[in-house]
Amino acid sequence: MPDWQTLQEHLRQGIAPSDEQALSLADIDDTAALVDVAAVLRDRGHHNVITYSRKVFIPLTHLCRDVCHYCTFAQTPKKIEQPYMPVEDVLSLCREGAKMGCQEALFTLGEKPELRYRAARQALDDMGFATTLDYVKEVARRVLSETGLLPHINAGCMDADEIAGLRQVSASMGIMLESASERLCQKGMPHYGSPDKEPARRLQTMELAGEAAVPFTSGVLIGIGETRRERIESLLALRRVHQRYGHLQEVIIQNFRAKPDTLMAAAPEPDLNELLWTIAVARLVFGPAMNIQAPPNLSPGVLPQLVAAGINDWGGVSPLTPDYVNPEAPWPHLERLASETAAAGKFLEQRLTVYPAYASDGQRWLDKDVQPAVLRLSDAAGFARRDNWVPGEEHPVPAVDAQLLASVPESATVSADVRDIVRRCRETAQLTEEDVTRLFDSRGADFSYVVGQANALRQAVNGDTVSYVVNRNINYTNVCYFKCQFCAFSKGKQSENLRGRPYDISGEDIAARCIEAWERGATEVCMQGGIHPDYTGQTYLDIVHTVRTVTPQMHIHAFSPLEVLQGATTLGISVPVFLRQLRDAGLDTLPGTAAEILHDEVRASLCPDKLNTAQWLEVMAAAHDAGLRTTATIMYGHIDRTRHWASHLLQIRALQQRTGGFTEFVPLPFVHMEAPMYLKGKARRGPSFREAVLMHAVARLVFHGLIDNIQASWVKMGRDGVAACLNAGANDLGGSLMNESITRAAGSGHGQEWAPALVDAQIRAAGRRPRMRTTLYADASDERRESAFAAAPLAEVYSASAGKRQRNKRIAEADFLGNAPQALPLTWVQPSQDPTVYESVVLMAACN
């Protein structure tokens, strides 16, 4: 066995100690040395973040068949008002907690009291339940379904059926091992007379929970008469269970606190050194990834020392309810907890009762009925969603994140690896997926540093200018035979319950909208639509012909890679050949939509029948090779994770390094309200505000020197969100749109047009200088600017109902006398009162 110095080096390298090596730590009295190594391992696994769960503590019953010698939670029937807390009282408490930001409902109870007390049996019978765990299941079910809080259940020793039943209504469970020492169950010891404290029984429950894939909590109680070696033996017993099943999400190191009126009231409590020693050893035994917890209310005044010893979690903290197990120890106020965590150089972050790694893999670890609640409450990394802001709704920018946008002083504790990754971004050096994921996972000072550095690069590249283009969106059909799970725009056989009716507009409609757009100062039409079963490549060529005929100088920015691929396939030609045909017909640039998330692991669920990642990149590369510039997008905040975002950005970066064809990068936060997968409980509520800001910042860093323009989508981010993004790397606000329908179909309330005067005012309010641009980022002409600012109100749009066959998209040149002017006058025919009857627009030809 290696000596202590060699073992230290192995531990620093992340080599897990063998059982024998771990047991040898019992003879190491140098707590400072242990703490030093433990802190290194903790930072490797958790960086600058210390977590906690905001909870409601529910003492469902104080009755217990065990008689632990240090416990004041367990009571006899004569000392309590009622055997069980009524379900309505539980629900009322949880609703109050939800208003205070709580997301966990911690169920704590004595073990199987009905086996000891007639009062418990009678109470259960009166309520219609056979066992305490039957009642626990029903109450947890109602808490989950009626309050949105996630139950965590500490129900003691259980069999496989009991665990399976509670898994259906809880996000996690737990049982404290306390100690693996049989000696502590002997006469005169603290667990004597408590059959459920036999180590083998408790470990068996953990084994069964592992077999059932339950995210599980356990830990040790120190200072109840065990030796240091016995503590390590307990930690190793937990490690062996975790190595088999991977389900142990945290290990709690809880220090014994003597309580009056117990058999151990006079027993000595473990001192601080003993607690720090045990925390450090636990970190060394379990390594960087494990979550090591110490309750903050049991060690007031020394919290920074606990952080230094290797913990990364404070456990559950309630702003509403006391710690009923340790009533003499009040929870610290969350502001105080954050302050003391910051004093240790760390950032306090809220988590759910189920830890991020398990929340992020919900299909494996969570029951199907629990997954929707976890998705609703979590962010892309699996942490708690701390704000109510969602894309597409006018919520105020969360104050906590607004504060984080402030500049980070050099003295702030910013992780060394984050500084290094940002430096390499500035130097346009090579980046790995792990590097970019790390930027997306940044929190606290790291987050502020990433945002600040992105803003500095924006200033260096773009100055104080914020650009936008006056354009019109034309979505020519919402009929689509693809089944993208995020889309509330397309209409097919399975989408009758979604907003709007299926439509398919004609070439005359397209022409009229282009003419009106030109008259209102537009320089661009952006055209995309669903994939109508009757559309072919010729459809898209006809659309380009129509626009070019009626507005010769209009920039045509049209057709997603999916439409290009479908068009080429229907014509029986290659994508490069079809792109050249589109270019020759008058297409100028392509939108980089249909990218969603460029990771086939996500696409398999998000858009399984759509083009895959390689196909999207191939279409973009072919467009660039044909001399067609494109944008690039990401649609994020649904079922994706931060590593998927990183992969997406790096694939776009690699293509840009080869072709230089991307003009801008456009983050598109998922708008959830009407999206099918959200309505089915299979997606998050879009990104959190922090994530939305970070997407723009990380994009600025990753694309530095390659893509100079980072766009913020006003229709998704809203005005306040856009303002924040302008301080996080964004320099462009996209288009005024005139008719935005895709995001509005998903439930956005941000409107369908942002008039140039309003855009200018928004930019100036942010302390920036507005610039009206063209699609390719040249200055818009004075004539276009004057027309845009003098534009008449938009005419009401009417879209004809769709049929099995597409409407003709081509305007015949013979309809015009001589050369078509830049914009032909138009007259609208009043639509029929029957909405199924289509009345087209009459175009009045004009001579030069």
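In this predicted model, the charged end of Arg773 sits over the ring of Tyr777, 4.0 Å from the ring's centre.

**Aromatic pairs and a cluster**

- The model holds 13 aromatic pairs.
- One of them joins Phe440 and Trp645 edge-to-face, with 5.1 Å from centre to centre and 80 degrees between the planes.
- Phe440 belongs to helix α18 and Trp645 to helix α26, so this pair ties together parts that are 205 residues apart in sequence.
- Phe440 has 1% relative accessibility, under the 20% cut-off, so it counts as buried.
- Trp645, also at 1% relative accessibility, counts as buried too.
- The planes of Trp714 and Trp754 meet at 45 degrees, with ring centres 5.3 Å apart, so this pair is tilted.
- Trp714 lies in helix α29 and Trp754 in the loop between α30 and α31, so the pair links parts 40 residues apart in sequence.
- Both Trp714 and Trp754 are buried.
- Tyr476, Tyr535, Tyr540 and Phe559 form one aromatic cluster.

**Strand β9**

- Strand β9 covers residues 347–351, and five of its five residues are buried.
- In a regular strand, side chains alternate between the two faces of the sheet.
- Phe347, Glu349 and Arg351 are buried on one side of β9, and Leu348 and Gln350 are buried on the other.
- β9 pairs with strand β1 in the parallel sense over five bridges.
- Glu349 in β9 is the bridge partner of Thr51.

Definitions and conventions. Residues numbered from 1 in each chain as written. Predicted model: local features only at pLDDT ≥ 70, side-chain atom pairs only at ≥ 80, totals over all residues. Heavy atoms only, no water. Buried < 20%, exposed > 50% of the residue type's maximum accessible area, 1.4 Å probe, protein only. Helix = DSSP H or I, 4+ residues; strand = E, 2+ residues; numbered from the N terminus. Pairing = 2+ DSSP bridges. Phe/Tyr/Trp six-rings, centres within 6.5 Å; stacked < 30°, edge-to-face > 60°. Lys NZ or Arg CZ within 6 Å of the ring centre and 35° of its normal.
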